[in-house]
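Please walk me through the sheet and the helix packing in this model.

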Amino acid sequence: MSVALALSNGALLARGDLLPLLTPLAGAMLVATAVLPIATAWFSTIPGQVTTTQEIAVVALAAVTGAATAAFSGGEGLLVTILVTIGVTTTLCGVAMLALGWFRLGRITRFVPFPVFAGFLAITGWYLITGGLETIIGGHLSLGRLGEFLDPGTALKVGAGIAFVAAVEVAHRRLTSGAALPLGVLVAIVAFNLVIFALGIQRPALEEAGWLIAVPATGMSWPPVGFADFAGVDWNAVWRGLLFAPFVIVITAAGAMMNVSGIELDARRDVDLNAELRSIGLGNLASGIVGGIPGFPAVSTTMLALRLKTPYRAVGALTGLFAICALLFAPQVLGIVPLPLLGALLIWVGVSLTIDWLLRPMRTLRRSEYAIILIILAVSIGVGLPAGIATGLIAALILFAVEYARVDGIRFVASGRDFHSRAVSDERRSQLAERGDAIAIIKLGSFMFFGTSDRIVQRIARKAETGTGPWYAILDFSRVTGFDSSTVLSFERLRRMAERDKFQVVFAGLGELSRRLVDGGLDISTAPFHSEPDLEAGLTWAESQVLGAAPAVPQDVVSAEASLARLLGDADLADAIFPYLQRIPYEAGERLIQQGAVADDIYIVETGRGSVILENERGESVNLLDFGPGTILGEVAFYGIERRSASALATAPGAAWKLSRAALSQVETDKPLAAAAFHRALARVLAERLQSANRLIRVLAD
């Protein structure tokens, strides 16, 4: 099977001006088919893997040979020039894939946009179909030659090829083992030779009529040139061809990774992509040294080996040995393989690619993505494959830029009523519940450029239209990875808007990005702009602007009686409950509340400071809020009768007053009015926090 496909690929490469070189180019395919599977069989992580020549690599290589042929200065050195160009290109492919595998960059080939790769495979299908027809009719396919299809001899060859394609396609759909194609090839060869034998037609007549490849009586000796012939190499033509070698490298590497991934998926086993790249690189390096073409693992032959229960490295070696035999006995092999069959193989593969990558994507891709496939197809047919792929990449980049510009760079927008700094006291939190709308927290994300930065400015503009009195927009850049120069222009517009509408903009968490803004000419240190190192500092500053500065020296002591009186709104009720509280001193580093513990107490902090932290299973912690004198801790889990959801860790020594569940039950018995007032007060606090959390959840879910 690999030998038959190699001969078909030789016919594909020998198009146009290279048609006279069909025999040596077919030899190059056989050499690659011999070297590639043998060289890769012992290093691959997939036993039974068969690396061979591939149609998409041949189509890409045709751009190299086409450029070299067009630049050839003339004379007798065309063959050696083309072979040197092919050998150097294949060697470069091997070196590139070895480097990718060595530096563990195998997944970099996955960054080729899907529509571009689909477009390449679709145009590959077109080239295979036209190449197959050219192989059958002999020579370049053009509008002027359409009349030849009416010739009985040509019509018979084309009809036989199309009949083969149809029969194999029907069998392929019914046989899931992958054996339809090799069986079809075998049946076609046997049937052809039986007919020839019955009719008594001699080989020279078949060669003249285009039914067989004309092979010299000496066979396909390799290499087909001697050392003296290298003096005739047109190095300028070689250089012109190698300008397209990077294109072949990208296509070969991407195709290799796609095929390896397909084999991995179908075989249901893990494959080391980097090890496979190194293996394929070694194979291509060996193929290039002997003048062969690039290749990579074939899905069809590899899966056929796996389904036939022969997952052995010897499969690749035997495939290579069979190709060597075909090369040594070329007159005998090519004397039984009809040329239209080779063309039909190309057409069958081309039709399969066209269905898979041109017709089926119509149902699965968006119109904008599918348009890229059509652009690649049209430009490649009209101008050439490299121009088509380049145009497709440009179109994909433009589509990406346009669609990314529509992505909202704002992760969420919250109000100062619901989103507070960690150090805000309970008293100031109550004040923010009424005045917090004067603070808008805008958390940004990802990379920002012209579309996203303009959308941020428009969002702030809408807020400015509805705002009354001074207000503050906090832009959190902690998740922003970068921005382009248009972002500076957008923020200059924001400055003018802020000066006109009397609001201030706080840049929080800029870090190294601040230098980019300053270098772009944006002054973020003067009003209406203000800069803070992180969101917490930005919130603290904005809250101080709205509520007035917090006490320069925070209170060291807030008595439990005062905290209870503020909570209940009645000093007498506070005095009634106070005797039931127990004073608990603590040291720095001590936990008043332990995450996961049973919640049987409420704490009222009198002195000292600390933080409420949430810990995960790995021991990492997140600081939820800071507490100090006057803070009430543990009421949520206490009323929920559940385990503590976070810990309260003291950062300075102090004392707190504890109200246990048993003590509160005693208050309910002894002082029912005071207990009822206490429950109502905490219910109000919990309800306010729940409403604030619900508003924040709605913001985050939007």
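**Sheet and helix packing**

An open sheet of 4 strands is ordered β10-β17-β12-β15, with antiparallel pairing. β10 and β15 (632-633) are its edges, each with a single partner strand, so one side of each has no neighbour in the sheet. Strands (E, at least two residues) and helices (H or I, at least four) are DSSP runs, numbered from the N terminus; two strands pair if DSSP finds at least two bridges between them. This is a predicted model: local features need pLDDT of at least 70, side-chain atom pairs count only at pLDDT 80 or more, and totals for chains, interfaces and linings use all residues. Residues are numbered from 1 along each chain as its sequence is written, and side-chain values use heavy atoms, leaving out hydrogens and water.

Q: How many residues of strand β17 (residues 654-660) are buried?
A: Buried means under 20% relative accessible area (1.4 Å probe, protein chains only). β17 is largely enclosed by the rest of the structure, because the buried residues number 6 of the 7.

Q: Which residue of β17 stands opposite Ile-584?
A: Strand β10 (residues 582-586) runs antiparallel to β17, joined by 5 bridges. Strand β12 (residues 601-607) pairs with β17 over 6 bridges, also antiparallel. Val-605 faces Ala-656 in β17. Opposite Ile-584 stands Ala-656.

Q: At what angle do helix α6 (residues 152-174) and helix α7 (residues 180-199) pack?
A: Axes are lines fitted to C-alpha atoms, for helices over the stretch in contact (heavy atoms within 4.5 Å). Angles run from 0 to 180 degrees between N-to-C directions. The α6 and α7 axes are 9 Å apart, and the angle is about 145°.

Conventions. Buried means under 20% relative accessible area, exposed over 50%, partly exposed in between (1.4 Å probe, protein chains only).
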